[in-house]
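My notebook is open and I'm going through this one bit by bit. Here is what I looked up.

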Amino acid sequence: MRASLLLLAALSPVCLQAKVLSQDEVRQLLSQHQAQRAQFEQEKQVAGLSQPLRASGDLLLVRGKGLWWHQQAPFELGLSLTDQRMSQRVGQGRAEVIDNPQLLEFSKMLLALFGSDEQALARYFELAFESDEQGWTLTLTPLAPPLDKVFARLGLSGGEQLDRLLIVDKQGDETLIHFSHWQTVNLPLSPEQEAHFAP
């Protein structure tokens, strides 16, 4: 009897992880926190290059404010995305606003992507959702310019969190981003965190 209980206890986490999630359940899981941070590792395979280009860093996602993408290697680059603007800072230099309507549209798409805003994503993409015991996948196929001129498809996948983002562009290059160590960020934000989204 004791052996049976021990076996049941050992298998319980597996059973919990094996639950098949619906698209609505995934959306609720990904949007339940107002502010989160995570680490990322990025690998881009470029046609003609034998070795992929690699980058890593961390991000801060705050719903209603935007996304701060902080690349730390191979060099420091900060990218601030809001629904109003897109700016970048290389190293400790000054932040520069990127004044380009197409890039602003791209910024809004990224915010919808990371914010699990399905209604906004449906304006940009045809959505195809799949889920099984191993996890879920959401494939996004661009519907209209300018995104359909740049991307062939995007793929999100994970379990209780977003684990991977695959970007396949029209040139055949692939970028795979792994996310880890998702953590809830307490509100209100610190002055340093607020500064990432300052106009």
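I began with His181, which counts as exposed because its relative accessibility is 56%; exposed means over 50% relative accessible area, buried under 20%, and partly exposed in between, with a 1.4 Å probe and protein chains only. His181 sits in strand 11, residues 174-184. Its phi is near 55°, a positive value in a residue other than glycine. I noted that helices (H or I, at least four residues) and strands (E, at least two) are DSSP runs, numbered from the N terminus.

A reminder to myself: this is a predicted model, where local features need pLDDT of at least 70 and side-chain atom pairs count only at pLDDT 80 or more, while totals for chains, interfaces and linings use all residues. Residues are numbered from 1 along each chain as its sequence is written, and side-chain values use heavy atoms, leaving out hydrogens and water.

Next I looked up cis peptide bonds. One joins Ala73 and Pro74, with omega about 10°, and Pro74 is in the loop between strand 3 (66-73) and strand 4 (77-81). Another runs from Pro145 to Pro146, with omega near 0°; Pro146 is in the loop between strand 8 (135-142) and helix 5 (147-150). I wrote these down because most peptide bonds are trans.

**The core and helix 3**

Then I checked the largest nonpolar core, which has 35 residues. Such a core is a set of buried Ala, Val, Leu, Ile, Met, Phe, Trp, Tyr and Cys residues joined through side-chain atoms within 4.5 Å. Helix 3 (residues 101-114) gives the largest share of this core, six residues. Among those with the most contacts inside the core are Leu113, Phe114 and Trp69; contact means heavy atoms within 4.5 Å. Leaving aside residues up to four places away in sequence, Leu113 touches Leu121, Leu140, Leu154, Leu156 and Leu165. In helix 3, the buried residues include Ser107, Met109 and Leu113. After helix 3 comes Ser116, with a positive phi near 55°.

**The largest pocket**

Last, I looked for open space. A pocket, on a 1 Å grid over the protein atoms alone, is an open set of points where a 1.4 Å probe fits, with protein on both sides within 12 Å along at least five of seven lines; lining residues have an atom within 4 Å of a point. The largest pocket is lined by 29 residues, and Gln42, Leu79, Phe106, Leu110 and Ile167 lie nearest its centre. Helix 3 gives the most to this lining, with five residues.
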